[in-house]
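Please read it with the model open.

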Amino acid sequence: MFPVMLQLAGRRCLVVGGGGVALRKVQALLAEGAEVVLVAPEAVRVLEELSDSGRIVLERRPYEEGEAAGYALVFAATADREVNRKVFEDASGAGVWVNVADDPELCSFHMPAVVRRGPLHVAIASGGSAPFAVRRLRRLLERLLGPEWGEWMDAAARFRERVRRLGLAGACREAAFEAWFSATVDTERHRARVPAASEEDALLERALAGAPVCGREATEPAAEANVSGPGLVSLVGAGPGNPGLLTVRGRRRLMAADAVVYDRLAAPALPCDLPDRIELHCVGKTAGRHPVPQEAINELLVRLAREGKRVVRLKGGDPFVFGRGGEEAEALAAAGVPFEVVPGVTAGIAAPAWAGIPVTHRREAVRVTLLTAHECSKRDGTQVRWDLLAQDPSATIVGYMGVTVLPSVVERLLEGGMDPVTPAAMVERGTTGAQRSVVATLETLPSRVSEAGIRPPALFVIGPTVGHAERLDWAGRCPLVGRRVLTVAGCRWAEPLELAGAEVIEAGVPVTPAAEVAVNALPLTDVVVGTPEDADALDVLRGGVGWGNGVVVWCVGEAVWNRVRELGWPGARKIGGGHERLVERMGAAVAVPG
Ligand code: SAH
């Protein structure tokens, strides 16, 4: 078997057969821009539709002898082996490559299983001998190769083009490619990332510096390497705090940034593998520090962008929902700085979801109001028509920044005539291991919230759908609810821990500054380590705000257990017999935030 990739754009291909298998072949061919002729007396509805919209030519009749000649590729997928054989013989006789579905003997080529990530194609084949193994291997590779590989391949193509334009001699070009590859691929953990523009500039400058030695063929101005595009500010929503709820696009921007400007709410979602070279600017309130005024944040964003940097402004939840993202965008627009918005998962939807509260529900709530309750403490009147909201029983009210003002909100809604027994809840730090929630009624919520000592960030939810909270409390029923667990990226237990309800923070080795920020954003309850090297790497995090004395350290295996004791970590426990028992053991232990 000789593997090739065929350029099928504009080439005529024949598919014989009108069922589901034929449909899949047609779709695959159309995706590559082929011109498809389909021959079948009858075809499934989707094929008919493709024909109606002019995307394929459908000939509603039986296959005619000899017609396979003259095509670039031929597929037969009929239920009749004789027809399939005829197609095979005709095509083979005419020197046309032919594939008969599920009949390896009647194939002059096989289609590999393919994992695609943008322009990257990984093809898997067994020469038709073991499709079941191929399918499973493909699923494995689907998991191993994250979406970032597609972006990475695009970036590789752009880099190659830049290098080509510089006209470097062979050895020099290879050195630049090698440097780019080692800077962007973690070969141990099979991760790839897109380098920032400034990083590529530096790589190219180095390649150029070596040019006199390896010889430069063309005379492009050296300055070409130094063109960093105009800066760009991406206003990225970090999601509600759980690191898994950052979007794919948001993560991509972060990994390619030169500078990240984040606030307190966004800190727990900072990716732990954010490369060290990226400048981190904290502009949120942290213990003992005042928040940076909004004007100063705007100025910082403009300044960084004008330095030609790719800037990510990482904001909790969604940047345009009560995050002053609109004001920042205005400031950037006024300064003529290019910007984009990468929406995030807003806490107003995610925190209720984690507490078992759907914000809409058929027949119960057909409207959702996201509001900030903070404004009602202002002296000069209210912007929120509490009286109208109070009269709207088929709706859900989600109130941001609502802890201190809750009593006055409830008072206004009751004054407006809202039913005092309307279900109502408050959710603190939703989606994180530190989530706490109180479910009550409108009337009783303020006292229940104060008894429970709920503190910001928290939001309230009022409306009939809160009545589902108890039955739908999926997160609360997970064995590891309330656990914020630190472990090392690439370990086998991250997903099982997550499925068991824990918030999982996967630090890279060595620990990056971003990982320190994320870990210290909230108290941990547990740490899981699997090797002595990982224990050594995580040691720098011990004693920080996140890793207090109550933290339990789970050592998977003898070697790491010994190392952890040498390091003198308190709270260590050994897990013998493999990590399969980890979740069960952790679930049996009561967590105390450190
Ligand atoms: N842009 C953010 C909101 C910023 S305003 C978003 O879209 O989510 C800050 C308020 O958001 C907090 O006072 C709190 O009311 C709410 N909030 C943010 N994260 C939260 C979380 N994890 N759980 C509950 N409320 C949260």
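1. How far does a backbone N or O atom of Ala347 lie from an oxygen atom of the ligand? The distance is 2.9 Å. A polar contact here is a pair of N or O atoms within 3.5 Å.

2. A note on the source. This is a predicted model, where local features need pLDDT of at least 70, side-chain atom pairs count only at pLDDT 80 or more, and totals for chains, interfaces and linings use all residues. Residues are numbered from 1 along each chain as its sequence is written, and side-chain values use heavy atoms, with hydrogens and water left out.

3. A polar backbone atom of Asp318 is 2.8 Å from an oxygen atom of the ligand. For Arg429, a backbone N or O atom lies 3.5 Å from a nitrogen atom of the ligand. Alone, the ligand exposes 540 Å², and the protein buries 92% of that (accessible areas by the Shrake-Rupley method, 1.4 Å probe).

4. Now the helix pair. Helix 14 (residues 406-415) and helix 15 (residues 445-452) pack at about 170°, with axes 9 Å apart (axes are lines fitted to C-alpha atoms over the stretch in contact; angles run from 0 to 180 degrees between N-to-C directions). That makes helix 14 roughly antiparallel to helix 15 (angles over 145 degrees). Helices are DSSP runs (H or I) of at least four residues, numbered from the N terminus.

5. Leu406, Pro407 and Val410 in helix 14 meet Leu445, Pro446 and Val449 in helix 15 (heavy atoms within 4.5 Å). This contact has 6 nonpolar, no polar and no charged residues.

Note on methods:
Helix = DSSP H or I, 4+ residues; strand = E, 2+ residues; numbered from the N terminus. Parallel < 35°, antiparallel > 145°, perpendicular 65-115°, else oblique. Nonpolar A, V, L, I, M, F, W, Y, C, P; charged D, E, K, R; others polar. Polar contact = N/O pair within 3.5 Å; in protein donor to acceptor, adjacent residues only side chain to side chain.
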